[in-house]
Amino acid sequence: MKREISPEKRRAADRMAVFLARQIRDGEIVFHGVASALPMTAVGVARRLHAPGLTYLNIPGGVDARPAHLPGSTVGAQLLEGARAVFNLAEIFDLSARGALDLAFLGGAQIDSRGDINLSYIGDPRRPKVRLPGGAGSACILPTARRTVLWRTAHDPRSFPERCAWVTASGRVDRVVTPLCLFRKEGGRLVIESRHAGVSAEAVREATGFDPGPCEEAPETPEPTPAETAALQAADPGGVRFLEF
Amino acid sequence: MPALSKLLSLPEAARRVGDGEMISLGGNSLTRLPSAFARELARQEKRGLRLVKTAGAYDIDLLCAAGAAVEVQSGYVGFENLFGLAPSYRKGVESGAVRAVEHACYTVIAGLRASAYGIPSQPVAGLQGSDVPGLTGFKEAADPYTGAKVYMIPRIRPRWAVLHVPYADAEGNARIEGGTFEDVLMSRAAEGVILTAERIVETSFFEERPERTQIPAFLVGAVVHAPGGARPGACPPFYDMEEEAVARYIGQSASAGGLAAHLAEWEERDHHPAAGRPAGGRP
């Protein structure tokens with residue numbers, strides 16, 4: 001299906017995919033789950049550049065799949081193409097449970113000042129104003145994976161509250177990637193690490209429902225390099241990453 | 001030795017499911033879901049169904065739209081980045097018609113494992129700091145050896161596992177290609193298994209590579225020949241997800257008339273899928 005996407009959103013998607021890719025360290029065992037177009041793209045970028053030795057796990061169970069075209073559903077059978085082994089979803093959760101999953105990417109409808117996420121309810125969970133999809137694996141992965149990186153394609157005060165009224169998952173958050181900035185978790189709170197090019201300190205502060213820390217002093221997030229942009233095109237020629245916007 | 005055939009038509013198999021029963025649905029998201037079976041449950045106007053799945057989409061949403069489901073135990077229900085929230089599931093939960101039993105995918109797996117292992121509950125790692133245990137009622141217990149606290153997930157024992165597979169024989173041996181998700185576990189956790197299959201093959205197909213038979217016939221109660229049975233979702237290795245058809249469903253599901261039209265549109269294909277195709281033989 002053809003979808004229209006504005007140049008601004010296109011740029012935000014490209015940046016976020018690259019910035020997520022930079023969070024992957026060479027040699028790590030990396031997992032993303034359902035509804036994860038940006039992390040799926042990021043894996044393809046990282047393995048072409050700085051992390052050729054990563055191990056890539058996904059829901060269909062493909063180990064180191066190398067799909068030519070990324071699927072719109074991040075559970076699609078394309079995520080078994082070129083895989084060398086099948087390692088089932090339950091086994092991936094087991095891997096995380098025993099402390100052997102290096103990095104998981106998890107989304108949040110809301111991400112609060114502590115890095116806790118809500119993917120479940122807006123309002124009283126027994127009669128919610130909004131029933132969100134649910135946290136998928138996050139409540140068990142976030143406390144057990146060695147590191148997790150969160151992402152959210154909307155950056156506004158509702159998405160980044162001081163506290164989530166309802167916490168789906170809590171745990172080992174390392175970084176958070178948004179269209180405006182990167183956060184890192186420090187002393188139990190998210191603090192700004194860098195602002196993306198063209199984003200003012202004021203813009204981050206206004207868009208964030210908690211005190212994001214010293215925004216003026218935060219350095220600029222390095223823009224995607226030509227090598228990263230080329231790797232992005234190679235990893236996701238069909239633009240599946242734009243589905244998140 | 002003549003094999004016992006468990007082949008049933010789709011309506012016959014769906015009639016085995018009684019109102020109020022718990023059903024676990026195979027596949028994940030829009031891959032290898034038992035779509036045709038879900039549509040048939042909706043056509044037969046089932047009521048009170050309790051659904052179990054780690055991550056669901058069209059199947060769960062359709063059964064909520066049809067008023068067939070009263071409870072959904074899941075980690076995720078939605079149409080991913082393609083179409084976002086599952087509209088009828090959302091509406092059902094928000095109106096109180098559907099009870100969402102909040103899980104992590106791993107706690108669904110743990111509950112199914114408890115059933116498969118023949119034990120009342122299953123300890124699971126994680127959940128610390130989450131509001132899920134409090135809402136759903138998962139309790140912590142002390143490990144009797146070390147005293148370590150661990151959440152115990154109660155057994156989930158569905159009456160039926162409804163699984164859509166690429167290959168089955170008439171007895172109920174089945175081979176899945178691509179991701180198996182929780183299908184194999186569900187086949188061990190449920191009281192009974194209903195298979196819908198793209199191809200009905202000879203038993204010799206399984207004898208050649210028995211290690212690739214994930215579901216042995218002795219676990220299975222009914223087999224339905226249902227080519228296209230996962231559509232509009234995908235069924236590897238035969239077909240991919242049909243994005244336009246999923247979008248059409250989402251539009252139709254907004255009204256009772258639209259849903260009726262949706263079920264009618266698919267009825268011919270669901271009931272007479274084999275027209276012009278051989279039912280048996282080699283894949």
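This is a predicted model: local features need pLDDT of at least 70, side-chain atom pairs count only at pLDDT 80 or more; totals for chains, interfaces and linings use all residues.
Which hand does the crossing of α3(B) and α5(B) have?

The crossing of α3(B) and α5(B) is left-handed. Helix α3, residues 58-65 of chain B, and helix α5, residues 87-95 of chain B, have axes that come within 7 Å and cross at roughly 50°, and because of that angle α3(B) counts as oblique to α5(B). On the α3(B) side the contact is formed by Ile60(B), Asp61(B), Cys64(B) and Ala65(B), and on the α5(B) side by Pro87(B), Ser88(B), Tyr89(B) and Gly92(B). Sorted by class, this contact holds five nonpolar, two polar and one charged residues.

Let me turn to a second pair in chain B. Helix α2, residues 35-43, and helix α11, residues 256-271, have axes within 10 Å of each other, crossing at roughly 120°, which means that α2(B) is oblique to α11(B). Here, too, the helices pass in a left-handed crossing. From α2(B), Ala36(B), Arg39(B), Glu40(B), Ala42(B) and Arg43(B) meet Leu263(B), Trp266(B) and Asp270(B) of α11(B), and by class this contact has four nonpolar, no polar and four charged residues.

How many of the nine residues of α2(B) are buried? Nine of the nine are, so the helix is largely enclosed by the rest of the structure. The buried residues of α2(B) include Phe37(B) and Leu41(B), but also Arg39(B), Glu40(B) and Arg43(B). These buried residues pack against α1, β3, α3, β10, β12 and α11 of chain B, and just after the helix Glu45(B) takes a positive phi of about 55°.

Next, the core. In soluble globular proteins, nonpolar side chains tend to be buried together. In this model the largest nonpolar core has 173 residues, and those with the most contacts inside it are Ala17(A), Leu20(A), Leu63(B), Leu195(B) and Ala197(B). If we leave aside neighbours within four places in sequence, Ala197(B) is in contact with Val165(B), Tyr167(B), Ala168(B), Ala174(B), Val223(B), Val224(B), His225(B) and Ala226(B).

Finally, the contact between the two chains takes 44 residues from chain A and 48 residues from chain B. On the side of chain A that touches chain B, α3 (89-97) and α4 (138-141) of chain A each supply at least two residues, and by class that side has 25 nonpolar, 15 polar and four charged residues.

Conventions. Residues are numbered from 1 along each chain as its sequence is written. Chains are lettered from A and ligands numbered from 1 in the order in which they are written. Two residues are in contact if their C-beta atoms, placed from the backbone, lie within 7 Å. Helices (H or I, at least four residues) and strands (E, at least two) are DSSP runs, numbered from the N terminus. Ala, Val, Leu, Ile, Met, Phe, Trp, Tyr, Cys and Pro count as nonpolar, Asp, Glu, Lys and Arg as charged, and the others, Gly among them, as polar. Axes are lines fitted to C-alpha atoms, for helices over the stretch in contact, and angles run from 0 to 180 degrees between N-to-C directions. Angles under 35 degrees count as roughly parallel, over 145 as roughly antiparallel, 65 to 115 as roughly perpendicular and the rest as oblique. A crossing is left-handed if the near helix is turned anticlockwise from the far one by less than a right angle, and right-handed if clockwise. A nonpolar core is a set of buried Ala, Val, Leu, Ile, Met, Phe, Trp, Tyr and Cys residues joined through C-beta atoms within 7 Å. A residue is buried if 20 or more other C-beta atoms lie within 10 Å of its own, exposed if 12 or fewer, and partly exposed in between; C-beta atoms are placed from the backbone.
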